[in-house]
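I'd like to walk you through a structure, so let me put it on the screen.

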Amino acid sequence: MHVMHAEVGWIEVICGPMFSGKSEELIRRLRRAQIARQRVQVFKPAIDVRYAEGQIVSHSRAALDAQPVGSSAELARAIRGDTRVVGIDEAQFFDDAIVGVVERLADQGARVVCAGLDQDYTGAPFGCMPSLMAAAEYVTKTLAICTRCGAPAGRSQRLVPDGAQVLVGALEAYEARCRRCHSPRAEPTTRELFEEPA
Ligand code: ADP
Ligand code: ZN
């Protein structure tokens with residue numbers, strides 16, 4: 001992994017709950033770099049196969065080609081020498097070593113843009129994200145709209161009971177909620193709650 005050019009690199013983190021526009025914002029920033037003819041490489045964890053294997057796809061269907069990698073070491077090995085901008089989606093699913101990999105890329109002059117969930121469905125900090133946010137020069141927190149009350153929402157409500165922190169791909173399994181409407185336990189969907197019983 002050698003990224004060599006004279007400019008100073010940096011780390012950007014885009015974080016927030018599900019449906020807050022993290023992927024949209026990541027795609028927007030990377031598109032602009034591509035338009036500027038900068039060499040861009042985009043990665044996502046191989047664990048996240050919602051919609052498309054070789055792409056980042058937002059909930060609003062914006063898409064960008066991305067290379068699935070199984071670990072931070074695999075990501076580091078895949079970096080080409082002329083790459084100036086590195087995008088990483090669903091960064092919370094990477095192992096802790098991603099922080100060192102991202103720091104090294106920035107040290108070598110790359111701009112690294114990471115998007116990921118800052119909290120899991122219980123509201124606890126998610127994996128490597130707190131460390132990535134600490135290492136970053138720029139942190140953007142995006143908020144969704146609470147499906148219950150319409151307030152700005154910083155949390156992801158789990159709707160399907162499952163003890164594991166990671167439950168990927170099932171969009172129906174989560175809803176955006178504000179802190180007042182969020183519960184760390186799985187709940188029925190807002191739609192089910194307001195539907196007339198048959
Ligand atoms: P993230 O990567 O943070 O999960 P995406 O970029 O994939 O977010 O999707 C954001 C899009 O999701 C919004 O532009 C909007 O079209 C849609 N959306 C669906 N539900 C909500 C919600 N409750 N609040 C805000 N946006 C929502
Ligand atoms: Zn609410």
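**Two ligands, two sites**

So, helix H1 gives the largest share of the shell around ligand 1, namely three residues. Before I go on, keep in mind that this is a predicted model.

Staying with that shell, H1 runs over 22–35, and both H1 and strand S9 (144–145) supply at least two residues each. There are 15 residues around ligand 1, and the ones that come nearest are Phe19, Lys22, Ser23, Glu24 and His59.

Glu24 has a polar side-chain atom 2.6 Å from an oxygen atom of ligand 1. With His59 it's a polar backbone atom, 2.7 Å from an oxygen of the ligand. Pro17 also uses its backbone, with an N or O atom 3.5 Å from a ligand oxygen. And how much of the accessible area of ligand 1 does the protein cover? Out of the 580 Å² that ligand 1 has on its own, 74%.

Okay, over to the zinc ion, ligand 2. Four cysteines coordinate the zinc through SG, at 2.3 to 2.4 Å: Cys146, Cys149, Cys178 and Cys181. Along the chain, the spacing of those donors reads C-x2-C-x28-C-x2-C. Why do we call the arrangement tetrahedral? Because the angles between the four donor atoms around the zinc ion run from 102 to 117 degrees. For reference, the ideal angle for four tetrahedral donors is 109.5 degrees.

Notes:
Residues are numbered from 1 along each chain as its sequence is written. Chains are lettered from A and ligands numbered from 1 in the order in which they are written. This is a predicted model: local features need pLDDT of at least 70, side-chain atom pairs count only at pLDDT 80 or more; totals for chains, interfaces and linings use all residues. Side-chain values use heavy atoms; hydrogens and water are left out. Donors are N, O and S atoms within 2.8 Å of the metal (3.2 Å for Na, K and Ca); water is not among the atoms, so sites may look incomplete. Four donors count as tetrahedral if all angles lie between 85 and 135 degrees; four count as square planar and six as octahedral if opposite donors are over 155 degrees apart and all others between 65 and 115; anything else is irregular. A residue is near a molecule or strand if one of its heavy atoms lies within 4 Å of it. A polar contact is a pair of N or O atoms within 3.5 Å; within protein, one must be able to donate a hydrogen and the other to accept it, and residues adjacent in sequence count only if both atoms are side-chain atoms. Accessible areas come from the Shrake-Rupley method with a 1.4 Å probe; for residues, only the protein chains shown count as cover. Helices (H or I, at least four residues) and strands (E, at least two) are DSSP runs, numbered from the N terminus.
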